[in-house]
Amino acid sequence: MADSDQHSFGTRYERVDGGETATIYVHGEVDLAEGPRFADVVHRTLELPRVTVAIDLADVTFMDSSGLQQLLVARRDVTARNAEFLLVAPSVPVLRILDLCCLTDLFEIRGRTAGGRFTQSV
């Protein structure tokens, strides 16, 4: 099952459900204006029981500190439900802010194969 949400400025979220695993694909910018929408997508994802919630950030073109805050809140909310929280294929802008804030080691980061499957920890 897929769920999609697009902002008028072009940021788009897609959720692909695979049973107990949900992957949220983020396309565009994650900034202060996007924070509430990002949080809403994660909240809706957690309406069903999940074992794994993955946030695919390969197509994120910009992320500021408020976007990073949303990742931290999402991680807290997902892990509070005893589910695994993954960041998948983070783009250079995402890796840059994670590195600047010394938070890279806090997240489980995975790559993505050509078929869309997660690789082992990066």
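What is the relative accessible area of Cys 101?

Modeller: The relative accessible area of Cys 101 is 39%, so this residue is partly exposed; the class lies between buried, under 20%, and exposed, over 50%, with a 1.4 Å probe and protein chains only. The model is predicted, so local features need pLDDT of at least 70 and side-chain atom pairs count only at pLDDT 80 or more, while totals for chains, interfaces and linings use all residues. Residues are numbered from 1 along each chain as its sequence is written, and side-chain values use heavy atoms, with hydrogens and water left out.

As for its sulfur, the whole structure was searched and zero disulfides were found, a disulfide being two cysteine sulfur atoms within 2.5 Å. Cys 101 is in none, and the nearest cysteine sulfur to its own, that of Cys 102, is 7.5 Å away.

The chain has three helices and seven strands, taken as DSSP runs (helices H or I, at least four residues; strands E, at least two) numbered from the N terminus. Along the sequence the pattern reads β-β-β-α-β-α-β-α-β-β. Of the 122 residues in the chain, 44% are buried.

Strand S3 (residues 21-30) runs parallel to S4, with nine bridges between them; strands count as paired when DSSP finds at least two bridges. One of the residues in these bridges is His 27, whose partner in S4 is Asp 59. S4 and S5 also run parallel, joined by five bridges, and here Ile 55 stands opposite Leu 87 in S5.

Leaving out neighbours within four places in sequence, Val 26 is in contact (heavy atoms within 4.5 Å) with Arg 12, Tyr 13, Phe 38, Ile 55, Asp 56, Leu 57, Asp 59 and Val 60. Val 26 and Ile 55 are 29 residues apart in sequence, yet their C-alpha atoms are 7.3 Å apart in space.

Not counting residues up to four places away in sequence, Asp 56 touches Thr 23, Ile 24, Tyr 25, Val 26, Val 88 and Arg 112. For the chain as a whole, among contacts between residues at least 6 apart in sequence, 58% join residues at least 24 apart.

The structure also holds two aromatic pairs, with ring centres within 6.5 Å for Phe, Tyr and Trp (its six-membered ring), and planes under 30 degrees apart called stacked, over 60 edge-to-face, the rest tilted. The rings of Tyr 13 and Phe 38 are 6.1 Å apart at their centres with planes at 65°, so this pair is edge-to-face. Tyr 13 sits in strand S2 (residues 12-18) and Phe 38 in helix H1, 25 residues apart, which links distant parts of the chain. Both Tyr 13 and Phe 38 are buried. Phe 85 and Phe 107 make a tilted pair, with 6.3 Å centre to centre and 50° between the planes. Here strand S5, holding Phe 85, is linked to the loop between H3 and strand S6 (108-112), which holds Phe 107, 22 residues apart. Phe 85 and Phe 107 are both buried.

Two loop residues remain. Most residues other than glycine have a negative phi. Asn 82 has a positive phi near 60° and lies in the loop between helix H2 (65-80) and strand S5 (84-88); with 72% relative accessibility, Asn 82 counts as exposed. Ala 89 also has a positive phi, near 45°, and its place is in the loop between S5 and helix H3 (92-100).
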